[in-house]
Amino acid sequence: VKEIGVTNLSDVNAVLPTALEEIDVLYTPTDNTIASAYSLIVKLATDAKVPVFCAEDAGVTAGGLISAGLDYYTLGRETGLMAIEVMKGTKPTDLAISTQKNPVIVINPDTAKALGITFPSDVLEIAKLVGEK
């Protein structure tokens, strides 16, 4: 594991090319700086033949290979249900902390093809593919 820290867009271009020579896979967390740099990150990584694993589907839509993350619709719905409980009089501190149980897997088939990666059929059966409705 190699940690790569960036605080702005110019950091990405300064540190990522060298780091890509030393890693097999790049993981991008959910972060506004990273999100604003997805197109640059994906271009540099794809040119270096390094797959990008994203924490959210926006990175996959921008050209990352795969994500296993939140479904923001489901998260919003769960939050709304909790808000209803609060409006009914439940104290927020009395609500159980919950997390999304099944991450949504999103794959970019064009990126997989460019990198020469084939996913097993059981993964493709449960994944959403970028470009699919």
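Analyst: Two strands are said to pair if DSSP finds at least two bridges between them; strands (E, at least two residues) and helices (H or I, at least four) are DSSP runs, numbered from the N terminus. The model shown here is predicted: local features need pLDDT of at least 70 and side-chain atom pairs count only at pLDDT 80 or more, while totals for chains, interfaces and linings use all residues. Residues are numbered from 1 along each chain as its sequence is written, and side-chain values use heavy atoms, leaving out hydrogens and water.

User: What is the order of the five strands in the open sheet?

Analyst: Strands of a sheet pair through backbone hydrogen bonds, either parallel or antiparallel. Here the order is β1-β2-β3-β4-β5, with mixed pairing. Strands β1 and β5 (128-129) each have a single partner strand and stand at the edges, so one side of each lacks a neighbour in the sheet.

User: Which residue of β5 is the bridge partner of I107?

Analyst: That partner is L129. Strand β4 (residues 104-107) runs parallel to β5, and two bridges join them.

User: Which residues of helix α3 are buried?

Analyst: Buried means under 20% relative accessible area, exposed over 50%, and partly exposed in between (1.4 Å probe, protein chains only). In α3 (residues 38-47), Y38, I41, V42, L44 and A45 are buried. They line one face of the helix, because they fall within an arc of 165 degrees seen down the axis of α3; the arc is that of the directions from the helix axis to the C-beta atoms. The exposed residues S39, K43 and D47 are on the face turned away from the buried side of α3.

User: Against which elements do the buried residues of α3 pack?

Analyst: They pack against α1 (9-20), β1, α2 (32-36), β2 (52-54) and α4 (57-61), where contact means heavy atoms within 4.5 Å.
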